[in-house]
Amino acid sequence: MLSYYISQIQSMLYAAPAVLAAIIFHECAHGWVSDRLGDPTPRRAGRLTLNPLKHLDLAGTLCLLFFHMGWAKPVPINSRYYKNPRSGIILVSLAGPFANFILAFLSLLLYGLLALYAPTASSFWGTLEIIVYYGAVVNVGLGVFNLIPFPPLDGSHVLEEFIPAVAAFYSHFQSYGSLILLLLLASGVLSRPLSYLDNAVLNGLWRIVYQILIRLPVMVSEGAVV
């Protein structure tokens, strides 16, 4: 029993850096895209920052640590600044998950490079491999989870733009959305479908990374010949 709790604590310690990076880049991506579309609200709110304290949501962060799925504090935006509010909201909403998928891809690429070239006898490089792999898992989890069309997740904002009537339906329980998500995650109801989706995305990204990695020796040898 004690070994189980120790392993759980170790897993959370490995996941902590990945959780912080995933949340920071997810929320900064929302704010950056909104800012580029002409909305000064995220900048004025201090959300275009790498300071994790500006982005952390307590319940969402705990879910990320324990379940590798969760959410962050929503970035305030004002769609009235957009030339096309509908497409602007969709782009801003999708920017966070897209940033997570990019980070997951980079994490897998670094993981593959470490597996190929890092000293196998070094505990430091071994630990770094684990942390980097957690980076891929956590970022995929955050990206996929936030695409669920349920408030306050990003997918709900996208769905509202395609089906405006959904917004009225969401308004009845929007203030309890985070609590409902927390209960669904804790109960395990979402575990199987989300695990399937996470694994599908993770495997898809790994296939791309693998194709890059198997060409590295060829690229190195060609460079040497030149």
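## Tour of pockets and ring pairs

Start at the largest pocket: α1 (2-36), α4 and α6 (154-162) each give at least two residues to its lining. Helices here are DSSP runs (H or I, at least four residues), numbered from the N terminus. This is a predicted model: local features need pLDDT of at least 70, side-chain atom pairs count only at pLDDT 80 or more, and totals for chains, interfaces and linings use all residues. Residues are numbered from 1 along each chain as its sequence is written, and side-chain values use heavy atoms, without hydrogens and water.

A pocket is an open set of points on a 1 Å grid over the protein atoms alone, where a 1.4 Å probe fits, with protein on both sides within 12 Å along at least five of seven lines; lining residues have an atom within 4 Å of a point. The volume is about 300 Å³. Select Pro-74, Val-75, Ser-93, Asp-154 and His-157, the closest to the centre among 19 lining residues. α6 supplies the largest share, four residues.

Next, select Pro-17, Leu-106 and Asn-139, which are among the residues lining the second largest pocket. That pocket holds about 160 Å³.

Now show Tyr-111 and Trp-206. Their rings are edge-to-face, 6.3 Å centre to centre and 65° between planes. Rings of Phe, Tyr and Trp (its six-membered ring) pair if their centres lie within 6.5 Å; planes under 30 degrees apart are stacked, over 60 edge-to-face, the rest tilted. Tyr-111 sits in α4 (residues 85-117) and Trp-206 in α9 (residues 191-213), so the pair ties together parts 95 residues apart in sequence.

Technical notes:
Points joined across faces, edges and corners; volume = space filled by probe spheres on them.
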